[in-house]
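The sequence and structure are shown first.

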Amino acid sequence: KGSRIHQGATTALEENLTNVAFLRMTIEKINNFIDENEISEIWITFPDPFLADSKSNRRLTAPRFLESYKQMLVPKGIVQLKTDSPELYEFTMEVLATHPGVDVLYQNDNIYAKELDFPDLTFKTYYEKKHLAINRLIKYVRFTVN
């Protein structure tokens with residue numbers, strides 16, 4: 001969304017960040033803008049889970065997107081998903097179990113049940129805060145696609 005891009009770009013400028021880019025486009029075109037082996041880490045935070053079975057190919061952890069991520073990630077680059085959706089989490093775990101070259105490094109279906117295992121998980125998005133306020137469980141998976 002435009003306001004989020006503006007906010008992120010403003011923060012990046014204020015903090016002199018040089019390793020960020022903002023694109024407003026459909027995800028299907030991402031490989032037109034990011035070269036092979038250019039990205040070391042991808043965060044997918046609280047995406048639309050596309051709950052209808054007919055839309056499962058639009059989920060950001062569907063096989064076609066994993067192939068796209070594989071192209072842009074450096075070798076052993078990491079993909080991370082945070083979600084409150086049990087359906088998306090289960091779908092993701094099923095896809096990762098059968099997709100060639102995937103190595104699941106860590107998974108947790110309730111990251112706040114105990115002390116967080118990774119410092120990066122302490123950062124909470126707007127949606128994460130909303131989900132936590134209504135006692136939704138936050139799920140997380142970290143994996144590579146080689």
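Two residues are in contact when heavy atoms lie within 4.5 Å. The model is predicted, so local features need pLDDT of at least 70 and side-chain atom pairs count only at pLDDT 80 or more, whereas totals for chains, interfaces and linings use all residues. Residues are numbered from 1 along each chain as its sequence is written, and side-chain values use heavy atoms, with hydrogens and water left out.

**Nonpolar cores**

Leaving aside residues up to four places away in sequence, I42 touches Y69, M72, L73, I78, V79 and Q80. A nonpolar core is a set of buried Ala, Val, Leu, Ile, Met, Phe, Trp, Tyr and Cys residues joined through side-chain atoms within 4.5 Å; buried means under 20% relative accessible area, exposed over 50%, and partly exposed in between (1.4 Å probe, protein chains only). The largest such core has 22 residues, of which I42, L66, Y69, V79, L96, V141 and F143 touch the most other members. At least two residues of this core come from each of β1, α2 (63-72), β2 (73-83), α3 (86-98) and β4 (139-145), and α3 gives the largest share, 6 residues. Helices (H or I, at least four residues) and strands (E, at least two) are DSSP runs numbered from the N terminus. A second, separate core of 6 residues includes Y106, I111, L121 and I138.

**Salt bridges**

The whole structure contains 5 salt bridges, each defined as a side-chain nitrogen of Lys or Arg within 4 Å of a carboxyl oxygen of Asp or Glu.

| Pair | N to O distance |
|---|---|
| K70 and E67 | 3.2 Å |
| D84 and R136 | 3.1 Å |
| D117 and K114 | 3.0 Å |

D84 is buried at 11% relative accessibility, while R136 is partly exposed at 34%. K70 and E67 are 3 residues apart in helix α2 and therefore separated by about one helical turn.

**The loop between α1 and β1**

E38 is placed in this loop and is partly exposed, at 46% relative accessibility. Not counting residues up to four places away in sequence, E38 touches F33, M72 and V74. A polar atom of the E38 side chain lies 2.6 Å from the backbone nitrogen of D35. L17 also belongs to the loop between α1 (2-14) and β1 (39-45), and its relative accessible area is 39%.

Definitions and conventions:
Polar contact = N/O pair within 3.5 Å; in protein donor to acceptor, adjacent residues only side chain to side chain.
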